[in-house]
4 protein chains.
Amino acid sequence: MFFASDNSGPVPAQVLAALAEANQGYAMGYGADALMDEVRQRIRDLFEAPEAVVHLVTSGTAANVLALSSICQPFQTIFCSSVAHIHEDECNAPEFYTGGAKLTLVPGDDIITPEALIATIEGEGNRGVHGPARGPVSLTNVTEMGNLYSVGQIAALAKIAKGYGLPVHLDGARFANAVVALGCTPAEMTWKAGVDVVSFGGTKNGLMGVEAVIFFNPDHAASFEHRRKRGGHLLSKHRYLSAQMAAYLRDDLWRDLAARANANMARVAGALRTNNQVRFLNEPRANMLFVEWPRAWHQRALGGGAMYHLWGGTLEGEADAPLTCRLVADWSMTDQAIDQFTQLVLP
Amino acid sequence: MFFASDNSGPVPAQVLAALAEANQGYAMGYGADALMDEVRQRIRDLFEAPEAVVHLVTSGTAANVLALSSICQPFQTIFCSSVAHIHEDECNAPEFYTGGAKLTLVPGDDIITPEALIATIEGEGNRGVHGPARGPVSLTNVTEMGNLYSVGQIAALAKIAKGYGLPVHLDGARFANAVVALGCTPAEMTWKAGVDVVSFGGTKNGLMGVEAVIFFNPDHAASFEHRRKRGGHLLSKHRYLSAQMAAYLRDDLWRDLAARANANMARVAGALRTNNQVRFLNEPRANMLFVEWPRAWHQRALGGGAMYHLWGGTLEGEADAPLTCRLVADWSMTDQAIDQFTQLVLP
Amino acid sequence: MFFASDNSGPVPAQVLAALAEANQGYAMGYGADALMDEVRQRIRDLFEAPEAVVHLVTSGTAANVLALSSICQPFQTIFCSSVAHIHEDECNAPEFYTGGAKLTLVPGDDIITPEALIATIEGEGNRGVHGPARGPVSLTNVTEMGNLYSVGQIAALAKIAKGYGLPVHLDGARFANAVVALGCTPAEMTWKAGVDVVSFGGTKNGLMGVEAVIFFNPDHAASFEHRRKRGGHLLSKHRYLSAQMAAYLRDDLWRDLAARANANMARVAGALRTNNQVRFLNEPRANMLFVEWPRAWHQRALGGGAMYHLWGGTLEGEADAPLTCRLVADWSMTDQAIDQFTQLVLP
Amino acid sequence: MFFASDNSGPVPAQVLAALAEANQGYAMGYGADALMDEVRQRIRDLFEAPEAVVHLVTSGTAANVLALSSICQPFQTIFCSSVAHIHEDECNAPEFYTGGAKLTLVPGDDIITPEALIATIEGEGNRGVHGPARGPVSLTNVTEMGNLYSVGQIAALAKIAKGYGLPVHLDGARFANAVVALGCTPAEMTWKAGVDVVSFGGTKNGLMGVEAVIFFNPDHAASFEHRRKRGGHLLSKHRYLSAQMAAYLRDDLWRDLAARANANMARVAGALRTNNQVRFLNEPRANMLFVEWPRAWHQRALGGGAMYHLWGGTLEGEADAPLTCRLVADWSMTDQAIDQFTQLVLP
């Protein structure tokens, strides 16, 4: 009954098997391993992007900030949602890696609207050298609040960015969950919609700690390898990253894992919907649900062994008062555990 | 009829005279000049702070960011108003000098309220290492919108900061205008109210480009001199900064200049108040006024040679539609020029 | 016949087994996993340092620069050997993570002598704020040139550093190889000799990409966790790092692996010593050998499938002319492969 | 008898007069003043470079590091002399402003030779992403040790740099002294010889603290204004910098001042040459002399009121033992003071 995060579950057997298989003899280090050639080719094929530049790192933060610093000057500002992971959960890593760029938060709760983006871009970069210059626009799909941008929404925002000459980054920590939920192709959600560089997440979807950074415009990638090395993110025994990512890409494993995570969340949501004291704060099309129910239920659920995060409140308070929580499903959950959880929650 | 900024006027004769007087023979460089000893002593006396550490730099941005970087870690966030100069007008200098710290904007239009500060501090620094750690609180007096914190308001905000163990910085680009308007002492507006380090501005009040950074807690100043040097802000011929600041401090010149600037703005405001189509957006107790009147008046005034900044709009539009502008008075204005201006504006 | 690096071989079965064992159910992320508790305790026991602060990262560069930035100000300089990994092979990562500190190279080929260290420290930090302030001393054992500092040599250098109030860092990418070669305890080579923080390497000695940073003085570690996070080096699925390091520490695996690597190099060296055209540039007490032989031999060896790095020259040139190479042995080599190699090299 | 530095003397009357003249009414800030238009045009004319981009700052360190950071990536290394001001006397400012670039010291005492430059460039940037990438070459004329590169020498070094695709910076803190000593034009010593950007010093040659950065390739200047602002080096009352630089450029004042400084040093040297116990370490063609004489003479001179820096030793020691000192002449010295000094020194 672990719904605290999708980065707490195990990896699938294919990943362990791939590590064991890769563990033979000697391999060139630092990304020159043969498995990385496979990874690169599979990603280019998957994204229908034969020129894409592909690199691996071990954390989503590293992927995001190495991508962003490749396309952002230190005197620029990055436009992002006020709840973006790069703003809230990376401990100033974007500021650090860009050499001091600012993050400008687009007003709104989660999904960035075209109107808000335009107003925010207009509001920055118009003070000459006094304020920061305009820099990249960074989107996240699945969003931090469990919502989805449609392909059309991404394209509309990217078009606005391009109108100002600004590059577009996509934080795809839950890229697979989004693609599965939207029923689109990876290309449609990225370069065909105007995305220049994407953090293609593996960790939240079944890998031990592997993320790909994919540049659709090779010019943007010119400094990436030096930046990765000076960030301490170039692994000598790189084959163990490649092996995991290769396994992830083979036989659509990445898609199957995400489909399972999304389905697991749908099962949770389905059960919760049966009770009208449960209020949904987002439509859980992917694997995240923000949901509200009485505090007493939380006390029962958490006391009974369920694990998840409360959002904006604590267990102390009136038993009847509603309290929000965040539920995240990963690929590995069993129907039994899900049902056990929802039965524990509901009265 | 120049109301665009208080950094566009001339310096008083005393400052030129002090430069000429300092221009004799040889002087030790890099702040070891005898005039700097005078400056240090005068500031300690003025602020009733015999242990204060005092340094000079040539710009308000330099003063602010060297002060802040002395008391802020790169993984922290600085709390400031959403219109703070350090956020809006320093082109990421705080991010740069701190090595990548973030600025967290306290919601509100200008003046930070205790409630908003508490809520903002509570909202940051509670995510362990995922978000930034809490860092300094930075206030500005006179504010960017021409308002004044009372001594009591500063003390209340500083007390909140101290309750969280956070140091307090005061951006005093218009320090003199504030002290004169409040009728308080420099000590009352700073260390007695809980301020740890202040940017004591001279440039907007009659110097060519000299600001003092004053640390009331010498421990906070430990790294300042190295930081100033590596920022390129240690001037070899430092005596020319010292001479200006010494002149500024002698015979209460700093106070007289600010009193004149404030009085000049009062004269502007007095004339404008006679017309009820003029709407005041702030109470101009210091030397700044945000004021609204019909667009046609702006066309007449700006066309007639007045210089000031429009705020949030352009000259294009309906003649009757109100449009805001910012007026700033400096010490050097004549009554004649002021009256000429208000007569030009008013119908 | 792979002697190019000790980061190119496989990991031992215990490491794969530990990953599989750790891959059960859910685990708290970001270092809060139970396996990390085991790692911390084992390292404290191993180093006889019950207060030590222990953290894991995925690369030696990350370990070094996060350790150094925890004990170095941006306006300081780090003293290190002119061939130190932090200078030659980390692409400015120390400068980046420290926010712009300098590296001051102690003259000499590899091993830092007390005389050279004193002279270098004296030569820096004596120009007031004009030059950088003195910062940490960073040593490496096994050195980049395959040599060893004795415990006494480390203690002598650390004593000098401490005499200037400077902290001491040890780059232990090959920590295990050094301890085995010296026949000392981990405590003797570190805190008992005056080392404040050590990068305790696992990657070159059989892990996939896991290094521990160990602070013997908890005060030095105060900012480490924030720095790791903002560097993108805090892994969510941290248990997979913990599991590897735990396996490494159990049953003296770390020591056995290093002993095998050192013995493998001794076997190489023993065979090579039989031919007097082979000139040894270092005494290969650990697992690295710099050695010179005729260019024609290199052509034969490299042509025959051996892999290693030439040092300071290329294959082109006179067949008789001597040319240096670097040989590194890892734990996984077989006697057969070693003998095949030396037979291929020698005429 | 002040020979400690050329940044300790007064400014000429023309500079004070220019400040007074500029101190009339209102002027646009931040470099938009009319005097800056004059400065820009005069510099373009002087350097025969109608497209040059020209900006002013207040310190030589600021000029150097803003110039360098405009043409250097954070993962690159800057090639400079081991005694370069950017290495020895700027407290890590280059590392700071570039975001962490390294400085690679070209072996040798002062003047960089073509052979040493080639060897040093070859030695860096050949380790792929492991070491830093090659960045700008920075030269200094007059050098830190009082020597001069000929125009031909600069051209030879710049040609080497260009062969590797590297830009060339010239630290011209004593630009005027060099041009006068060499008898060349500013264009010949800069862009005609392959220099891309120059720090054109005014401070050491009679201004209060004004340096120009001149980019001959406008593309290199693209980020300069944002970098200057975020460094805190954009002065609001910019006219007071412009006024000084304009005065400096009018009527060849800059050249006259340098000619006087050089002549003053020649007078010192001429007197000292009469005694064969005086050993010259450099040929003082500009305004600096490194010279050795018995320690007893230093005791007499310094005790008698002369001011200069000892170099590599202290007053304590055998009276007969030779000890080096650095003498620097500025424009303002009188023949009388010079003769008084040399008579005091010589027995």
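Ground rules, quickly. The model is predicted, so local features need pLDDT of at least 70, side-chain atom pairs count only at pLDDT 80 or more, and totals for chains, interfaces and linings use all residues. Residues are numbered from 1 along each chain as its sequence is written, chains are lettered from A and ligands numbered from 1 in the order in which they are written, and side-chain values use heavy atoms, with hydrogens and water left out.

Confidence comes next. pLDDT is the predictor's confidence in each residue, from 0 to 100. For chain A the average is 97. In that chain, 100% of the residues score at least 70. For the complex, the predictor gives an ipTM of 0.97 and a pTM of 0.97.

Now symmetry. Copies are superposed by least squares on the C-alpha atoms of residues with pLDDT of at least 70 in both.

Chains B and D next. Chain B superposes on chain D by a rotation of 180°, with 0.0 Å of shift along its axis and an RMSD of 0.0 Å. Here Gly231(B) is the residue of chain B that comes closest to the rotation axis, with its C-alpha at 3.5 Å. Again, 100% of the interface residues of chain B are interface residues in chain D too, so these copies also meet through the same surface.

On to the backbone. Most residues other than glycine have a negative phi, and most peptide bonds are trans. Here are some exceptions. In chain A, the bond from Asn141(A) to Val142(A) is cis, with omega near -10°. Val142(A) sits in the loop between strand E4 (133-140) and helix H7 (151-163) of chain A. Helices (H or I, at least four residues) and strands (E, at least two) are DSSP runs, numbered from the N terminus. In chain C, Asn141(C) and Val142(C) are also joined by a cis peptide bond, with omega about -10°.

Two positive phi values. Asp252(A) has phi near 60°. Its loop runs between helix H11 (239-249) and helix H12 (253-272) of chain A. Glu48(B) has phi of about 50°. That residue lies between helix H2 (34-46) and strand E1 (53-57) of chain B, in the loop. Buried or exposed? Buried means under 20% relative accessible area, exposed over 50%, partly exposed in between (1.4 Å probe, protein chains only). Asp252(A) is partly exposed at 34%, and Glu48(B) is partly exposed at 38%.

Last, a sheet in chain B. It is open, with four strands in the order E8-E9-E11-E10 and antiparallel pairing. Two strands pair if DSSP finds at least two bridges between them. Strand E8 (279-280) and strand E10 (309-311) are the edges, each pairing on one side only. Three bridges join E10(B) to strand E11 (residues 322-328). Across that pair, Leu310(B) stands opposite Cys325(B). Helix H13 (residues 295-303) of chain B packs on the sheet, touching strand E9 (288-294), E10 and E11. Contact means heavy atoms within 4.5 Å. The direction of H13 makes about 115° with that of E9(B). Axes are lines fitted to C-alpha atoms, for helices over the stretch in contact, and angles run from 0 to 180 degrees between N-to-C directions.
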